[in-house]
Amino acid sequence: MSRARVLLLNPALGPLDYRVPRGMDAPPGTIVVAPLGPRQLTGVVWEAEALPSAGEVGDNRLRNLVGVHDAPPLPTPLRRLIEWTADYYLSPPAAVLRMALASTSALEGGRSITEYRATGRTPERATPQRTQALERIGDRQGLVRELAAIGGVSDAVIRGLVKAGAIEPVEVALDSPYPRPDPDHAPPTLSAAQAAVAADLVAAVDAAAFQPFLLDGVTGSGKTEVYFEAVDAALRAGRQTLVLLPEIALTEPFLRRFEARFGVAPVAWHSDLRQSQRRRAWRAIASGEAQVVVGARSALFLPYPALGLIVVDEAHETSFKQEEGVPYHARDVAVMRAMLEGIPVVLASATPAIETLHQVEIGRYRALHLPARYGGADMPDIAALDLVADPPERGRWLAPALVAAMAETLERGEQALLFLNRRGYAPLTLCRSCGHRFQCPNCTAWMVEHRLVRRLQCHHCGHVMTPPTACPECKAEDSLVACGPGVERIADEVAALFPEARTAIVTSDTIWSPARAAEFVARMEAGAIDIVVGTQLITKGYHFPELTLVGVVDADLGLQGGDLRAAERSFQQIAQVAGRAGRGEKPGRVLVQTFDPDAPVIRALVTGDADGFYAAETAARRDAGAPPFGRFAAIVVSSEKAEAAVETARLIGRAAPRVEGMQVYGPAPAPLAMLRGRHRQRLLIHARRALPVQDVIRDWLGALNWPASVRVTVDVDPYSFL
């Protein structure tokens, strides 16, 4: 008799043993269907020694596996990565496995599927819901439930539109092959510096051995073209390449650059894909047909059978850290996957993270530098505008010097960008009569006014309400006032100052998909936009030759809140957005509005002393024992009942072990003391670097019991301290 250890797609369960029926072949990695009570669940056969079972059962008590999915097995390096990720981030292995099997429909048969799209016809009975659905769907296509989600309506509304002829069915082939990239399609002309760096990367791909690289190049230095040469080498060797991007909105510009170089677009993987697209991509990746994949962080766990290169673009970006579910950092997991696969990994950035620079300093990573912009373009001139000495006019947010610079830029027919990392119109709405502030009922956060869509919204849980005409507390009419600026308010000011200018607001509210990003890029390149007002979404990845002026509206904003990485993050964001200026033949100029022009971050930006800034930040981290010289882990306790969260947090705090080189702070209410209707308490662990803090936490929490209504989560190496 043959028995198999199976990891099921159920995080509440550990690995279970099953009998392999006669005639069935199920070696480790095989994707199987296994019975669990009356249900049948998908799982993966695992090595018994790698995942011990909580309780062994006799052969006579084993149930038979039901069947084997018609899909390639999960490769051995991926199984090892799943084990490492689960162990390091203290997450259930099944929760990590779910990311590898992200398209369960890809495991099913069938060669085609029926999707739906708008016909352009208006239904005779145009209800508000039908109108809303058609407006939001636009030219998008998908299953009924996918279109319903996009339109914000029920499935019944979509089916009604189908009957009315406003939406039509479309037969979609599921497994049509992807075109193959051509390394010889359009080889670039590289500068001498680019060619030297590219040669090192190509040699590493040809060597097929683990080697982490930091590709450190200033904005506009042509880092993408350089690592494309490594992609070229992987293609010629018949190996797959994975390129990770931090934002979905960056996918479309990258696809265009890739297609210009290799003749076809790469295979995309991100949350905006339809189910049929996700199924097709997963099967192509698992079979090895997909030679180059570009995607968000979740693409890291897909089952590549012949991976030859990993690239993490904009590797400093904090969005590579997943906060929900398994709280992993894609940059670090990418390095671990490269090690398990025995391949090179490239971390590309103009503003590397201090953790990455430390790895270079101690010799674990190799740094490759591109210190100048491609084609002789100069870095932009950066100047600080002291808002104390030269304040904006009353009721406005743009300093006179910035307004004058914008006027000069527009007169020359060039484009300007204003950066403020705050969505919406205003971050706070209050009553001038009684002082009432609009707070989210589910979170410890203010409701943000979004005037374009006439609503107040919580940016943490998504709760939405219509702005009232009177104060709900004192009932005063016309007493509500918006406090502080968001990008919409800055756009209103721009419209008042430059009524003839064509302005675009770029945030996650307006650029929510690759298609919207492509539309924005096309308008910028066509000269149909004069002024862009945007959040951090616009700080990276875009290349607009006519964009010559960047204004940072509030450089002090990111320094607030006491975050460990606040100064580093502010430096990175402002340096990145400054890098959008002067990328073509015309010189660029950056004006940074601040109340403290002598702050170290501002001085480093203005003087161009990045090395000095990083050295000072690194020394401060070393003195504090903060990452990368020490370790943090957060234990967050949440419950719908405040007393249950407090009691459990105190239970955990009382049981905290006394370990040399480790301190436990708290419990205390989390800065966001309530999130999505759950009250939150937090304990923060600070440990020396060499301490196996995961083992300590595992033993500590494993000995405790708390009510089922209380949720306890652990975030190893946290990036958010809210």
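Biologist: Is Thr 429 buried or exposed in this model?

Modeller: The term buried stands for a relative accessible area under 20%, exposed for one over 50% and partly exposed for what lies in between, with a 1.4 Å probe and protein chains only. The relative accessible area of Thr 429 is 6%, and therefore this residue is buried.

Biologist: At which pLDDT do side-chain atom pairs count here?

Modeller: Residues are numbered from 1 along each chain as its sequence is written, and side-chain values use heavy atoms, with hydrogens and water left out. This is a predicted model in which totals for chains, interfaces and linings use all residues, whereas local features need pLDDT of at least 70 and side-chain atom pairs count only at pLDDT 80 or more.

Biologist: Why is strand S3 described as largely enclosed by the rest of the structure, and how many of its residues are buried?

Modeller: Ile 31, Val 33 and Pro 35 point one way from S3, while Val 32, Ala 34 and Leu 36 point the other way, and all are buried. Strand S3 (residues 31-36) is largely enclosed because the number of its residues that are buried is 6 of the 6.

Biologist: Which residue in the turn between S3 and S4 has a positive phi?

Modeller: Two strands pair if DSSP finds at least two bridges between them, and S3 pairs with strand S4 (residues 39-46) in the antiparallel sense over 6 bridges, with Leu 36 opposite Arg 39. S3 also runs antiparallel to strand S5 (residues 67-68), to which 2 bridges join it, and there Val 33 stands opposite Gly 67. S3 and S4 form a hairpin with 2 residues between them, and the residue with a positive phi, of about 60°, is Gly 37.

Biologist: At about what angle to S11 does helix H9 run?

Modeller: S11 is an edge strand, as is S15, of an open sheet of 7 strands with parallel pairing in the order S11-S12-S10-S13-S14-S9-S15. Axes are lines fitted to C-alpha atoms, for helices over the stretch in contact, and angles between N-to-C directions run from 0 to 180 degrees. Helix H9 (residues 275-287) lies across S10, S11 and S12, and its angle to S11 is about 115°.

Biologist: In S26, which residue is the bridge partner of Asp 386?

Modeller: Strand S26 (residues 589-594) has 5 of its 6 residues buried, and 4 bridges join it to strand S25 (residues 547-552), which runs parallel. Strand S16 (residues 381-386) also runs parallel to S26, with 6 bridges, and within S26 the partner of Asp 386 is Thr 594.

Notes. Contact = heavy atoms within 4.5 Å.
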